[in-house]
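User: I would like to go through this protein label by label. Please tie each label to its cut-off.

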Amino acid sequence: MAEAVVGLLIGKLGAALAAEAAAFGVSVVFKEASALRGLFGEIREAKEELESMQAYLQGAERFKDTDETTGVFIKRIRGLAFEMEDVIDEFTYKLEDRHGGFAAKMKKRIKHVDIWCRLALKLQGIRGRLRHAKQMKKDYMLTEMERYNGASLTHAKPATQAFGFTREDDLVGVEENREKMIQWLTGDLEEQRSRISTVWGMPGVGKTTLVSHVYNAVKVEFDAAAWITVSKSFSFENLLKKIAREFGIPVDIANVEMRSLGKAIHNYLRGKSYILILDDVWIADVWTEIRNLFPTDSIGRYVITSRNHEVSLLATGNGAIHLEPLQAHHSWLLFCREAFWNDTVKECPIELRNLAERFIKKCNGLPIAIACIGRLLSRKHPIPTEWGNVYMELELHSVKNVMPDVDMVLKVSLEDLPYDLKNCFLHCALFPEDYSIKRRRIMRHWIAAGLVKEKENKTLEEVAEGYLNELVNRSLLQVVERNYMGRLKCCRVHDVIRLLALNKAGEECFGRVYDGSRTFSGEHPRRISIHSENLDQLSRSGLTHLRAIHVFNRYINTDWLRPILISSNLLSTLDLQFARIEMLPVEVFNLFNLRYLGLRNTDIKSLPEEIRRLQNLEVLDAYNTKLSYLPNNMVKLQKLRYLFACTDGGGSEIKPFGGVKLPSGIHRLTSLHALQCVKANTEILREVGALTELRTFGVSDVKSEHSADLSNAITKMNHLIHLEITSIGEEEVLHLEGLCLPPTLSKLGLEGRLEKASMPQVVSSLSRLHNLTWLQLSFSKMDEESFSRLLGLRGLCFLQLLNTFEGENMHFSSGSFPKLRFLSVWTAPELNQVEIEEGALESLVELVFVDCPELMFLPHGIEHLRALEKLHLIETSEELIEKLLQEPEPNECNEDLMKIRHIKEIIVQLSREGIRERIR
């Protein structure tokens, strides 16, 4: 994927050229201006050269495995692009290095003359080698691309699917979906209207296999039937010809005009019942372009398979099926059928069972991978040594050798990605197997690495989230968890897809995983993902020019990193999250190109004043560390975009995390989008009002006398989305009646006592926030009347009340909280009754009561909450718990259990009685 490397470089070249005018403006030395002019000329010509080459590279990628000349050329271009990137990164840093007094700046200017000349000569040399590579490519013409020039490239399928051969044994774990599809397709065949069914899921999950079974079972019920495999680069003309051919329409396909062909298809199907399968559709436009061909006075049934979620939305009603990887027992069944197909009982011998389970675990429920490995093993002697050799090859990420069908199917998905998405996807593969990747973390990685660029009117964060959703929609990432709004929270890469992506990342020098078992001799990866605490081999591997180091092992000796940090001074990302380290190596502060420094959940106790050298730093994530203050020179990091720094709150309910003392001058960091968590004082609160770009702001240790300064500062934060305010103690009163919250606010946490007289004003100000979806109130001392005012917050999806409600009766009137999905009430000592009118809380999914000792009855009206899936009753009254656990007498029923029989998960707990049970 050299075009991905080139695309990223073109962006950097463009950014460098954008600084041209400013560079000449600050150049006070004639020789420097002359040298800069020559360097910018080289950058401009390099950019133009690469732009003209990028489109060619995208097409050439498909043929590099079959045309050796193309493969060699692409590899050469990638290497030259990396060399150019090194030059541009060094140039960018030196150009922006304007620190020191007048004399120091002049000295640097004079020194820069030599640097600009050296870099210009270096670029000139690289461009010369680029031209030479192009000339050599012309001398040895591109045979494969010429052969396929102008042709529509279809992507291959495993042979059994390509010829429509599927056996009953292939259908494992999807029998319910098979029956559902048959019913959709053949039910009400007398009804003259069209229906579309869609089957979507990740590559290799069995979409074609399922639909093939169904098609073969039902096609005899129709007057006409056709199966069309849609190519990725389909053309309307070829698609029409395929449809006419497969339906057997008597027309001269080779010579007929398109309008006449469309009319012939329409007339042929009029009055008939017919079924059309469109297999492996990549974009919804395929259906949009052909749907008007089909008559409305007939019975049409259409089935579309796709790996893209967007295509699945074409389904009529609830006619979409999302195929997921197989469950463990179905995986075992399919594996045994394939590995022991020639055995009468198709059972795995005991001596091979352990290896078989390891193979199945590696496949992680992906049918094509299980079948592929099973078939391979069926050709081996059924002995542990033979099978062990195959497993070792798979452990070395040799997907192409062990699972060729998988490699073939998944390769197409990677080829279809635009270059920016390819880079982002390969980055995801560097995370460990089965790792839950958090949305915000991966987005910040991408942004800091320069993989995301602003588009149209969107911020970098919006573009990055769009990329993430697109990878999910293309079934290349799996959703692990969504938040209360349905927004992606965590995702993962399927193990088999990850193996393929790691192979690709290694081939492209994008990145490698280090697990302690091998060195990188002769390799030049740009990113290293460390999964081992033994860094001995890595530190001696001679790696240079790294752009990112990601550490995923808690126990790591950072001294072993020092040689790598010294040899990779262009490093842009260093993520040490969860590593048990107390101090950073001094070499870190010489990394002038560093943009992301990840220290979250480490034991870091302090940061030195040398942090000022990290002038390109955009992300400092020191959340949940041992830091109590930030160094004075922190305010010199003008490019800082995210600053997270807080300490463990020591188990305090009101302060789960403690704020960090900030240096004066924080107002200079005007690029900040996130600042968590500030330890409040008057000076700092007056300064943060200047940070008008903030989207996330957290402040702790707030005292009553800080209220006015805090309110004034927040009023100026016009883009604020997430705000958390924590008082210094639960009895400290926050005077927030004058707080004017920005209309952009979506997430609000108030931890501290609110003055009773000001409660109506506070709630009233909240009601004007139409974007507010998440609210947490702690120690707010809210009575029944104040709570009733909250019911007007119709946009809330999440509400948590911690030691806040002081009334006896919590009443939800009809229509209240229509979008609320999560409700949690903690420590309400007087609460003895909860009333839910019909029509209230209609979207509620999870309901939690904790430490409500007077709550003796289930919420009245809980049976109306049809969307409710989880009910947790923790430390409520003994009477309520006993009633729910009581076994009914014969011929009697437990009325309370009948009210909540629709809820999937019910957990009760009473610690003093040693009770914790899941009722359902």
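This is a predicted model: local features need pLDDT of at least 70, side-chain atom pairs count only at pLDDT 80 or more; totals for chains, interfaces and linings use all residues.

User: What is the overall make-up of the protein, in helices and strands?

Analyst: There are 31 helices and 31 strands. The protein has 920 residues, and 55% of them are buried. Among contacts with a separation of 6 or more, 62% join residues 24 or more positions apart.

User: Why is Cys491 called buried?

Analyst: Buried means under 20% relative accessible area. Cys491 has 1% relative accessibility, so Cys491 counts as buried.

User: How do you know that Cys491 is in no disulfide?

Analyst: A disulfide needs two cysteine sulfur atoms within 2.5 Å. The nearest cysteine sulfur to Cys491 belongs to Cys428, and the distance is 5.9 Å. The structure as a whole holds 0 disulfides.

User: What about Cys677: how far is the closest cysteine sulfur?

Analyst: The closest is in Cys646, at 6.3 Å. The cut-off is 2.5 Å, so that sulfur is too far for a bond. Cys677 is also buried, because its relative accessible area of 14% is under 20%.

User: Where is Ser568 found, and is Ser568 buried or exposed?

Analyst: Ser568 sits in the loop between helix H25 (562-567) and strand S12 (573-575). Its relative accessible area is 1%. The limit for buried is under 20%, so Ser568 is buried. Leaving out residues up to four places away in sequence, Ser568 touches Leu543, Thr544, His545, Leu546 and Leu591.

User: What makes Pro608 partly exposed?

Analyst: Partly exposed lies between the buried limit of 20% and the exposed limit of 50%. Pro608 has a relative accessible area of 28%, so the label is partly exposed. Pro608 lies in the loop between strand S13 (596-598) and strand S14 (619-625). Residues up to four places away in sequence aside, Pro608 touches Phe589 and Pro631.

User: Why are S2 and S5 said to stand at the edges of their sheet?

Analyst: The sheet is open, with 5 strands in the order S2-S3-S4-S1-S5, and the pairing is parallel. Strand S2 (224-229) and strand S5 (320-322) each have a single partner strand, so one side of each is left without a neighbour in the sheet. Neighbouring strands are turned by 10° against each other on average, direction ignored.

User: How do you know that S1 and S5 pair?

Analyst: Pairing takes at least two bridges. Strand S1 (residues 195-200) and S5 run parallel and are joined by 3 bridges. Val199 stands opposite Ile321 in S5.

User: What about S25 and S27: how many bridges do they have?

Analyst: They have 4 bridges, in the parallel sense. At least two are needed, so S25 and strand S27 (residues 833-836) pair. Asn809 stands opposite Gln833 in S27.

User: Which residues make the contact between H21 and H22?

Analyst: Helix H21 (residues 439-448) and helix H22 (residues 460-473) pack at about 115°, with axes 10 Å apart. H21 contributes Arg439, Ile442, Met443, Trp446 and Ile447. H22 contributes Leu460, Glu461, Ala464, Glu465, Tyr467, Leu468 and Leu471. By class, the contact has 9 nonpolar, no polar and 3 charged residues. The crossing is right-handed.

Note on methods
Residues are numbered from 1 along each chain as its sequence is written. Side-chain values use heavy atoms; hydrogens and water are left out. Axes are lines fitted to C-alpha atoms, for helices over the stretch in contact, and angles run from 0 to 180 degrees between N-to-C directions. Helices (H or I, at least four residues) and strands (E, at least two) are DSSP runs, numbered from the N terminus. A crossing is left-handed if the near helix is turned anticlockwise from the far one by less than a right angle, and right-handed if clockwise. Contact means heavy atoms within 4.5 Å. Ala, Val, Leu, Ile, Met, Phe, Trp, Tyr, Cys and Pro count as nonpolar, Asp, Glu, Lys and Arg as charged, and the others, Gly among them, as polar. Buried means under 20% relative accessible area, exposed over 50%, partly exposed in between (1.4 Å probe, protein chains only).
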